[in-house]
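Keep the structure open as you read.

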Amino acid sequence: MINGSVHFTERGIVQNIRAMRRQQVLMDITNQNIMGFDKVGYQRKIPVVSSFAEFIGEEAVSATTDDTVGRLNISNNPLDIALAEKGYFQIQTKDGIQLTRDGRFKMNKDGEILTLEGNKVLSTSGFPLVLPLVPEKLSDIVIDLDGKVSVLNSKTRKLETAGTISVVSHDGMAVLSPNVRQGYNEYSNVSMETEFMQAMEYPKHFEANSVVFNMQKDILQRSIQSLSN
């Protein structure tokens, strides 16, 4: 009597499955960038594939942030602020201090400078930025290139300083020359051409692995059927 068996090897089917999942994660990152193209303050995510990806699969894919400056567009709001250099605004949230490049700010009735979500914008002193007086109109607020915020006192006709907006690097170090632009919005640094080029490549790799996967699956099925006959 001849005993037959089928030996399943991870080099085949499992590696193809991992490769397809990896391409799906890469495509998801590209889709995030495409969706973020018109978002203020969005920074492009750069996919990174680690070594031994064929053994790790989707867990081998991570993403870093492209911190280059995005597209600056003029805004009609004096409390819209953009950074023409690398760096981030510090804001106080319920989860602690966070960083953002979205400089679409507003003011409450107490003169506090807030994000659109209501989080407090911090000054270089580490405290929330509060105007010394509530201006009659937003155009009375002046913000210079270093981020110093002043407000025009309509009675004295003089500028009163509120403080300086805190701008830091990704690791929390102060940015000394942030090149703050008042009346501007910074849109994403995403290049649609780059993203679409990558979006065309990932499905090709996915399809190639899918074809090989189906071939190996068919061979395995035929082998099992032959042994059962």
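Asp110 is partly exposed in this predicted model, because its relative accessibility of 44% lies between the 20% and 50% cut-offs. Its salt-bridge partner is Lys109, with the closest N and O atoms 3.5 Å apart. Lys109 counts as exposed, at 71% relative accessibility.

Side chains of opposite charge can pair when their charged atoms come close. The whole structure holds 8 salt bridges. Another one joins Asp140 and Lys137, with 3.4 Å between the closest N and O atoms. Lys137 is partly exposed, at 46%.

A further bridge pairs the side chains of Asp67 and Lys86, at 3.4 Å from N to O. This pair links distant parts of the chain, 19 residues apart. Asp67 sits in the loop between strands E2 (61-65) and E3 (72-74). Lys86 sits in the loop between strands E4 (81-83) and E5 (88-93). Both are partly exposed: Asp67 at 25% relative accessibility, Lys86 at 48%.

Now turn to helix H3 (residues 192-228), where Glu195 is found. Glu195 is buried, with a relative accessible area of 0%. Its side chain makes a polar contact of 2.4 Å with that of Arg44. Beyond its neighbours within four places in sequence, Glu195 also touches other residues, including Thr30, Asn33, Ile34 and Val190.

Step back to the whole protein. It has 3 helices and 15 strands. Of its 229 residues, 38% count as buried.

Definitions and conventions:
Residues are numbered from 1 along each chain as its sequence is written. This is a predicted model: local features need pLDDT of at least 70, side-chain atom pairs count only at pLDDT 80 or more; totals for chains, interfaces and linings use all residues. Side-chain values use heavy atoms; hydrogens and water are left out. Helices (H or I, at least four residues) and strands (E, at least two) are DSSP runs, numbered from the N terminus. Buried means under 20% relative accessible area, exposed over 50%, partly exposed in between (1.4 Å probe, protein chains only). A polar contact is a pair of N or O atoms within 3.5 Å; within protein, one must be able to donate a hydrogen and the other to accept it, and residues adjacent in sequence count only if both atoms are side-chain atoms. Contact means heavy atoms within 4.5 Å. A salt bridge is a side-chain nitrogen of Lys or Arg within 4 Å of a carboxyl oxygen of Asp or Glu.
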